[in-house]
Every structure is written in structure tokens, then in C-alpha cells.
Amino acid sequence: MDNGWVGHLQNVDTSNGAAVFHPLQLPPSQKVRAEAYIAVRDVYQDLYTKEAKLQTERKEERENLNQLYDAFVKRYGNLNSADNIKLIKTDSSGKEIPYLERVVGGVVHKADIFSHPVSFSTLTITTDNPEEALAASLNKYGNVDLNYMSEISGMTDDALKEALHGRIYYNPLQKEYEISERWIAGNVVEKAQEVKAYLESNPDDAQAKGSLTVLEEARPRRIEFEELDFNLGERWIPTGIYGRFASHLFDTEVSIHYSESSDDFSVSCKQKNVHIWDKYAVKAESRAFDGIALLKHALVNTTPDITKKVMVGDQEVKVRDMEAIQMANTKIDEIRTAFTDWLHAQNDEFKNRLTDQYNDTFNCFVRPNYDGSHQEFPGLDRKGAGIEDLYSSQKDTVWMIKLNNGAICDHEVGAGKTLIMCTAAQEMKRLGLAHKPMIIGLKANIPAIAEDYRKAYPHAKILYPGIDDFTPKKRLRIFGDIKNNDWDCVILTHHQFGMIPQSPEIQKEILEIELDSVERNLDALKSQGKEVTRGMLAGVIKRKENLEVKLKTLQHDIENRKDDIVDFKMMGIDHLFLDESHQFKNLMFNTRHTRVAGLGNVDGSQKALNLLFAVRTIQERTNADMGATFLSGTTISNSLTELYLLFKYLRPRAMEKQGIHSFDAWAAIYARKTTDYEFSVANNIVAKERFRYFIKVPELAQFYSEITDYRTAKDIGIDRPIKNEILYNIPPTLFQELFIKKLMEFAKTGNAELLGRPPLSASEEKAKMLIATDYARKMSLDMRR
């Protein structure tokens, strides 16, 4: 409306806040109806926006909304009546207005937003359970607030301290109490040092002494120098040490610097000598790589891609110079081995300083002992759920989720992950730890999950849309229902979750980070000059172009966004339970190790990227890691990158504190790469690079276990029959041996007639090896086919 006129806007420019208003010539009765509708719409949008932004209840606006809505309904009927829907459909900003009404049993009800905020929790907690009072305090204030706990429990401070003995400890540095799972957790070495410094000036503080004692008792066993594995290029090691080693190796002054922004090392030497020119150099047909160039490759654990020219018929073709590459790889291995030998040759003072730095950085974390046996789970209908009680493993995991705002539930199939999701979601909602949790799972499993939730909590308010509810016409209504109502839990399939629009701002932020990483890798490749093949450059350039297109599209969407689009951020979802989380392991990442086998698809999948957008949205809201719970019986299957990507989803801030900003930085600390020579399918010898070994396994396991509850069926006590497995080795028949030779020749030449089939088409030529393996599989079963 503008100056009493009802109309519509054209030529809308959101960047400048300009538009052209076109008034409509309406009959008086229609104009009055439109004015009444617009008043309801504007007050609703103003109420939701203010409450979502300020996280405070707006009683005046809510009262106004009710009055305007009641007056409208009294005069014109429900918003979803046929005449009113015709009006609302003409309003591009009013697509959510029909969702202000819900029909239950044929009766129209107001949406929850009419009675209380739906974008945050206003729950007032009353409990006589000290543990629940503690959990509520952690949620409301982020720390142990004894005054608040006393208020909601009716217990005195001293009574609470006594009841929670061993559960809370005094933190003299912050002058407050902390829960044991947080005080005796994380970097306990650093905490103990700070408390000792405090006690030097406050020697009579008995509570601080008690807190120090538990920290010292929890300190991990020191890992000595002789037990450590070192990789050249680990980012935590000071570059001065690398410079000293290189100067010793080449017998001349060498300077090394590391750039965190580009995750790359620069190596300089003003006076080169025979060690650099000859001993640690490789001279190929196309160019020479001196010791400085190979040292830089050794620091980032890569091998130069050396080429040579050969004649194929009458054409000159550039191919990889395998002999020169093998020589370069040998020299790089010599440099990396020399670094380890040099470290061991240093004096004890040097070794102790390096060992101290390692222990302070990586061997300083403690995993809390999550004991959830005290939980009572109010509202849980054990009889309806068909159980006497939860397994102790389920109670512990639920408690871990409640305290950490998420976890990785790595439980074997059949261990009860579904009930963990249902009880954790309901408990987080009950305690105010989460306002609107969401469970997402496989299409085949979601009906059973929803049914189990209803049996366990028959009075819970669950939104479980069917498959037909996510058709294009009905989808917007579901999105509006999620946003405008106060659900105990929303349950969706993986596919339905993928249909939810994600916040363009979050998408832009994440994709810009990925683009920066791709550009750094591209610069590193281009710095190698002509030795980089077109294929290597083309792959990275294509990724860069794809990301740039996505960012341009997002920028356009942001500038031209309509107010009626409901995205994930607006829905108020503040915790995700991801069942069968291994379905989302194909997340994009960047690496220079493009020739390493088994790393997976660096481009990732859109499904996994959408999940990252959602998780980051929640983490941005809470300003902390986690915000999601991943559940799977196969959290990690067979790829090194799967472990890194779990941390990328759930622990980005923790990795940044360790100086880890990329997969390569992570692999430099925890993995060791090898180059082996193997027979290919075509019976040729080829070089294969692989990350074969984990190093620093105890520290890596600790970083993983801090957020993970791992249980097997045996741990839980589930009775399982023992499998009697017998392997038989059946030698190939004469016909199979002959066919294997034909398959090998086909793999080399692509001559399909060897297999008794027509020549390969252009598309089949690209899938030659897939065809060969398919024939090999069929041959192993039955040669007659």
C-alpha cells in the first residue's frame, strides 16, 4: 500500500531499495479486503523478522497479529478459503500466509507463531534433578551458573556443589565453575600450567588446588622423541628447523618460509653449490630440477610431473618421462629420510624442545568419560517403544550429544541408533538445548524412524511429511510449516532435505573459501612451467571456472532475492541428526596430491555440499563446532579423506587451532605417502602413489574419539551368531585363461572384436576399463555367458 492505494511494485532494485509503485483500480469491497489482508501479512512478517533477529519475544506485535487476524477471519473467513486464496495468490510476498493456519481433523487452528515465538525457545525450566539443572545452565549461559541452577531446582549453592561433586570444578582463571566433561577435557596441559601460575599468587585457594589435581591426573602420558614419527613439511614445525636442516643437507645457507594463506613453502638459496646442482638434482630431457626445486616438492610431499617428447608416427607427442620421475621421487625420498636422520642426530636439548612442542600441540587433549546413567528421560514411553530401558551405550551417547551439541555415533548395525536419535532430539528440545531439531535418513528407513519416535514419545509434536507432500506445488507449504510452527522434531528423507534451499550468503562464504584454495593450487601448478601437463591444468581450471559460475549465480540470487523464499536458515533448525551419514562422505576438498590413488572425488557431490551449507548455518548461529550428530555403522570405510572430511564438517574451528586449513596440511601431519610400482590391468608396470600409513595414530584417534562414541555389538552385549566363513580358491579353467589374455589385449588396444563384440563407440572408448572389468566378472561366474 502507498498513500491509501493498493497496488504492486515493478522494476524492483533491491541493491538501491528502489521500485516503481503501480496502483490498482479495485472496487471498494475488494480494496477493503486487500487492505485487511496486507495488514495481517505485514505484521506477521515484521513479528517473525524481529524475533528471529533479536531472539526476544515481541508481545505487542503478537497481540496485534492476533487482533488483525481475528478481525479478518470474522469478516472474510479463513485465510485458506477459496476467495481469500485467490487474493493471496496475486501477492508475490504472501506465499507463506496460508501457512498461518493448520487444519487438524477438519478444524482450522492458528499456527504456533500466534501464541509464542517459533524461531527460538522460550521454555521455562523447573526441575529437582541437579544434572538437569546443570544441563539447562550450560544451554542458557554457556557455563555453570549456580544462581540460575538454584533458582530452577530450589536447591542451595552448597547443596548443588555437594550433589554435583566430581561433576563440576572451580575454574580459578575465569572465577566460575565448569562441568567435568569440559574442565577435564581439551588441552589439559595448558590449563594446568595456567592454574599453577594462579596458585603462585593465591596459595590458599583450596578449590583451585582440587581443580589442578584432577587436571594433572588426567594429563596424557608424555610421548618421547624416540616414539614420534616426523614428516618433512609438517606445518607445526618451525620453518627455522627446516632451514637449518636444508643448510646442513646442501652445505650452504638456505632460507625457508611458510605462507599460511597459500599453504605453501618458499625456498631460497643465494649461493648454490654442487650438492644443489648435482647430488640432489635430476636432469631430464626437457629441463633440470636442482636440489632446491626438489626440496620444495619434498616439503609439500609431491613429485614433479616431468615430460619428454617422443615420435608417434610422424607426430611429436609429449609424454610423461617415467624414468626421470622415478629418479626425482628417489631424490625426494632421500631428502625426506635425511630430515628424519638429521633430527635424531641433534642434541638432547633440541629433541626435548621439539618433543615438548609436539606434546603441547597434539598430545594434550583428553576425552571426557560420558556417563549418562543418571538420565530419566521424562515423557519416554518405554512400554510403547517396546523396551525395558535404553542400553547404557544409548544413554551415554545421548548425554554426549546433549553436552557437546552433537557427536559421531559410530555404532554397529542393530545397536539402536534410531532410539538414540529420537531420545536425543526430544531431550534437547525438552531442556532447551535445541529449539527445532531435524532428523534426516534414507527413504526406506524414515517411515520406521517416524513410527519409532511416535511410539517412544506419543505426545511429541512431529512433522513427518509424506513423499506426495514434497511435490513442487506442496513443497512451499511444507517449508512454511517448518518455519512457522514449534516442532519437537522434523523428520525428512535425504532427498527431501536436499530440496530445501540453503542460505545464499552461507553458500557464497563457503564457495569463496573453496575458490581461494583452488586458485592457490592452480598457481602452484603453473609455477612448475612447461612440466605440467595440459590434463593436470585442465582439471583445476575447470574446477575454478565451475566455482566462479556458481558464485556469480549466487550473487545474482542474493541481489534479486524475493522475500517469500524460505531457506534453511529461516526455518530455525538448530540441530541435525544425520542417519546413515556415510551417504554424505563425498564432500569437495582441494589437494596437490592429484596422482595419489584412493583419495576420492575432489569435486564432491551437491548432496554433500548442501549438508555442509546446513551445518555451517547452524555453527554460525551457535558460534561453535558441531551442531550436528552423524550416525552410521560405517562412518569410515576405506578412504583417508573420509576421516578428514568428518572433521571438515564438524570440527573446523578445532582444526584451525592446530594450524590445519586444508587436506594437504592435515595429511602432512598424520599420513605418509609411498610410491610403488605395480602391474596395471594391461600388465604394464606403472607408478602408483598412495597414502599407505597413518602416523601419530594415538593423537589422531584422540582427536576423533573426543566427538565420537564407538560401540560394537559385543561392547553393547547384543547376542550375535558367530559366522563360520570358509574360503575356497578355484583355479581358472583353460578357457578362462585364454579369455584373460584376450581381456589384457583389449585393455591395451581397445579392440572389442577380441571379445566377440562390435568395435567400441566414442562413448564406450572412454569406459573401456569398465567394460573389461564387467566381462571379467561375468567370466568368473560362467564362461558360457
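How many residues does helix H8 have, and what span should they cover at 1.5 Å a residue? Helix H8 (residues 188–201) has 14 residues, which should span 20 Å, and its end C-alpha atoms are 21 Å apart, so the two values agree. The expected span of a helix is 1.5 Å times one less than its number of residues.

The structure is a predicted model, in which local features need pLDDT of at least 70 and side-chain atom pairs count only at pLDDT 80 or more, while totals for chains, interfaces and linings use all residues. Residues are numbered from 1 along each chain as its sequence is written, and side-chain values use heavy atoms, with hydrogens and water left out.

The chain contains 31 helices and 23 strands. Both kinds of element are DSSP runs numbered from the N terminus: helices are H or I with at least four residues, and strands are E with at least two. Of the 785 residues, 48% count as buried. Buried means under 20% relative accessible area, exposed means over 50%, and partly exposed lies in between, using a 1.4 Å probe and protein chains only. Among contacts between residues at least 6 apart in sequence, 66% join residues at least 24 apart. A contact here means heavy atoms within 4.5 Å.

Return now to H8. Its buried residues are Val 188, Val 189, Lys 191, Ala 192, Val 195, Tyr 198 and Leu 199. What covers them includes helix H7 (180–183), helix H9 (206–218) and helix H14 (348–361), as well as strand S6 (176–179), strand S7 (186–187) and strand S14 (365–366).

Helix H1 (residues 28–54) can be read in the same manner. Its 27 residues should span 39 Å at 1.5 Å a residue, and its end C-alpha atoms are 39 Å apart, which agrees. Buried residues in H1 include Ala 34, Tyr 37, Ile 38, Leu 47 and Glu 51. The buried residues of H1 pack against helix H2 (59–76), helix H3 (82–89) and helix H19 (472–484). Just after H1, Gln 55 takes a positive phi of about 55°. An unreviewed UniProt entry carries the annotation "coiled-coil region" for residues 44–71 and 508–564. UniProt positions are given in the numbering used here, feature names are shortened, and annotations may be inferred rather than shown by experiment. In the model, residues 44–71 are 86% helix and 0% strand, and the end C-alpha atoms of this span lie 14 Å apart.

Helix H13 has 23 residues and reaches 33 Å from its first C-alpha to its last, close to the 33 Å expected at 1.5 Å a residue. Among its buried residues are Ala 324, Ile 335, Phe 339, Trp 342 and Leu 343.

A pair of aromatic rings is described by the distance of the centres and the angle of the planes. Rings of Phe, Tyr and Trp (its six-membered ring) pair if their centres lie within 6.5 Å; planes under 30 degrees apart count as stacked, over 60 as edge-to-face and the rest as tilted. By this rule there are 29 aromatic pairs. The rings of Tyr 242 and Phe 339 have centres 5.5 Å apart and planes at 50°, so this pair is tilted. The pair links distant parts of the chain, with Tyr 242 in helix H10 (residues 239–250) and Phe 339 in helix H13 (residues 322–344), 97 residues apart. Tyr 242 is buried, with a relative accessible area of 0%, and Phe 339 also counts as buried at 0%.

Tyr 644 and Trp 666 form another tilted pair, 5.7 Å centre to centre with 45° between the planes. Tyr 644 lies in helix H24 (residues 640–650) and Trp 666 in helix H26 (residues 663–670), 22 residues apart. Both Tyr 644 and Trp 666 are buried. They belong to one aromatic cluster, whose members include Phe 225, Trp 236, Tyr 358 and Phe 691.

Rings also meet charges. The charged end of Lys 461 sits over the ring of Trp 487, 5.3 Å from its centre, and that of Arg 651 sits over the ring of Phe 703, 4.2 Å from its centre. A charge sits over a ring if NZ of Lys or CZ of Arg is within 6 Å of the ring centre and within 35 degrees of the ring normal.
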